[in-house]
Amino acid sequence: MVFCYCIAFVNTLAGIRVTVKSHTQVAVIGGGIIGCSILYHLARMGWRDVVLLERRDLTAGSTWHAAASTHRMHGTPNIAKLQSYSNQLYAELEEETGQSCGIHKAGGLYLASSQARMDELRIQSGRAKYLGFDFSLVTPEEIKSLNPLVETKGLFGGMYDPEDGHVDPSGVPLALAKGARLRGATIYRQTEVLETTQTTGGGWNIVTSQGTIKADVIVNAAGLWGREVAALAGVYLPLVPMEHQYVVTDSVQAVAELPHEMPLTRDYDYEFYMRQEGEGLLLGAYEKQGRHWAVDGTPLDFGQELLPEDLERIEPNLMQAMSRIPCMAEAGIRRVINGPMVFSPDGLPMIGPVPGLKNYFVAAAVMAGFSQGGGLGRVLAEWIVEGEPSMDLFSLDVARFGEYATRDYTLAKTADNYSRRFAIHYPFEERKAGRPARTSPIYDQLKHRGAVMGAVYGLERPLWFAPEGVIAEDELSFKRSNWFSHVGRECRALRQGVALMDLSVFGKLEVSGSDSEKFLNRVFAGKLPRAPGSMAICPMLNRHGGIIGDYTINRIDDEQFYLIGASTAEKYHLRWFEEHRNGDRVGIKTVAAENGVFGIAGPRSRELLSRLSNVPVDNSRFPFFTFRDMELGPVPMARVMRVSFTGDLGYEIHFPMAFQKTLFEALLKQGEDLGLSLAGGRALDSLRLEKSYPRWGLELSGDTTPVEAGMMFFVDMDKDFVGKNAVLARKQEKPSSKLVTLTVDAADADALGNEPVLSNGRVVGVTTSGGYGHFVEKSIALAYVEPEFAKPDAMLEIEIIGDLRRAHVQARPLFDPKGLILRS
């Protein structure tokens, strides 16, 4: 086996051309860290008939010139878990294959040169507790002990992770490739992909420079050429390379005299990262004025090459680094590395099945290739072999971007993200780059009335309204900010009177056809509404029972349904529906852009609705959780639903977007003497916390089932649906956690989500979201905790920005616990 491996390796190096085989289960395109990891994990899962197609040699592109640091810290918990797995994998690879990965487990120091940065590290340290990571907060004195080269003047402290380090950027891919080969996988170097064509059976014909191969599944892991390979299949990916520079110094005496290898040291306030390279230093920076490269396409003849150095661009970063690491000033620069890396609009990888194509996967824009490469290879292999990954990966899903992610949008967002890679990432921050991408007809009117806007799936929507004389802009903070009191005013105005919200960001689908009911019954776990005009909440589950969608379904007639869900998951859910169509005669159409939505809620909302409606809207003729199609003021046909995510008496009004402006003006006019107020998305979030309503993407995700989430009331176990067996199994087991509502003895900062929940110093759960309930005047958090700690009145603690805050489990929602108001 080893002899055959060596012969194949030598033949390839010798330039012997080998025609590709005629068929394979999976063809991975691209031989960088990601492609090699995917191939390895496919083989590790038992799929031996898999191939990798590399246009040049392994690691050509972005992999070979990477600084190759590895770290576990990440703001998204599941990504942090994947990064931790990568760390573990590389050590196992060395033992398994005998190929060195060049592992240097030197540890990692994160420095805080500002109070805000120290707060961010405290939050990260708290998150690490429930992830099981051994991060520790360190003082300036402890920093000096860990890395004697650091000038600690001006430091507020830092954080240390003993598992951080760096690896050999060639050694790891070669070890993955060798591990894949030893399990039966095949690698073709010097094999350029020229064409990809879908067959009628759903597979792919791949024409290469070494012949044509038929593959059941394609994985585009082509890195710098990911756009070009996607285009062969008619796919546009919002990606663009950017130049990134780091320098390697000559030998530095202070480094040579260190008793041990210095830990990776990052001072994001001073905008640099640094590690030891032999007896010298490696220093990298993300400068403010980043530069795109190959915007119109990566040259096909580009390989293991670098770009011209441009030290002037990172000179400010170098100067700051010298003030923090003084010995850097004595060092001569031995080498400058300026290489391209691929970025997505939000700076995160894009992975998963491409919507609209069968058996076509992508793994692109993995900027932190060595930290994430092992983990991403594993979950993508799971997706291919088992039909879905073992954890929720929506934040990385290629389907998360809509049509708004154009070339101009991608350029604006990538430039902004690159320049702010080291910036503090505050909660509720809404970056302005690439906006507005989509606006509604009343966008200017809302802005004129003081709306501070955010963007959801490219569409601008109001977050809160600044009164006259107040600057309509967020102040960024980990604590309660300038909008806190104004959101409170909006909440109280709604609870005590009536408020109007623009909810047009909701996702909206029309489902019709003779098999529509059969189809919806299979893909949704809930009981469908029975009679025309009725509604139902229906969770949608994956095969593991995880909640991948949460829809309100309206029955129009026997064959037509109207669905409302999360707009951010529009393409994600449409892909899921297509995968589970099973030949059913059903049509699925998105009407998110065509239909606008207003929400009116509060004790006077019925009176406001009655002034515009042409039909009676009293409680007996328009009861809770029903809908009516009606003429509404200037709108000839509006669909009005008796439901509100505020938990109050309220309505959702769906209408053709062409009537948004005139309906908005009519509602304002008719509501003037009722004290009608405008409210934004942050008020809605506060109000839903008072009602203990879970939100998809926070409390509800692919990692949580209806059992833990307390949603079994909405699940129909008397029918067959996707995920039923997993739910049955989870019901029979003792659930590991339960969703609870907590009131928190907070000071000037509320829970945000992903904070550890503790009992007597032991982590027993994690928050999913939090905020302040302005009407009930309580700080509130929703959290998953171990069942024995979910009892009403149980006393727990939540770590908020490093401080332990008492938290009390609530038996019922804080507002309208019996649901009398919303049904009145």
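In what sense do strand S21 and strand S27 pair, and over how many bridges? Before I answer, a word on the basis of this talk. This is a predicted model, in which local features need pLDDT of at least 70, side-chain atom pairs count only at pLDDT 80 or more, and totals for chains, interfaces and linings use all residues. Residues are numbered from 1 along each chain as its sequence is written, and side-chain values use heavy atoms, with hydrogens and water left out.

To the question, then. Strand S21 (residues 499–502) and strand S27 (residues 595–601) are antiparallel partners, joined over four bridges; strands are DSSP runs of E of at least two residues, helices runs of H or I of at least four, both numbered from the N terminus, and two strands pair if DSSP finds at least two bridges between them. Methionine 501 has glycine 599 in S27 as its bridge partner.

Both strands belong to an open sheet of six, ordered S28-S29-S30-S27-S21-S31, with mixed pairing. Strands S28 (627–632) and S31 (677–678) are at the edges with a single partner strand each, so one side of each has no neighbour in the sheet.

I turn now to the helices. Helix H3 (residues 77–97) packs with helix H10 (residues 369–386) at an angle of about 95°, their axes 7 Å apart; axes are lines fitted to C-alpha atoms over the stretch in contact, and angles run from 0 to 180 degrees between N-to-C directions. H3 is therefore roughly perpendicular to H10, a term for angles of 65 to 115 degrees.

Finally, leucine 739 lies in strand S32 (residues 738–744). Its relative accessibility is 18%, so leucine 739 counts as buried, meaning under 20% relative accessible area with a 1.4 Å probe, protein chains only.

Note on methods. Buried means under 20% relative accessible area, exposed over 50%, partly exposed in between (1.4 Å probe, protein chains only). Angles under 35 degrees count as roughly parallel, over 145 as roughly antiparallel, 65 to 115 as roughly perpendicular and the rest as oblique.
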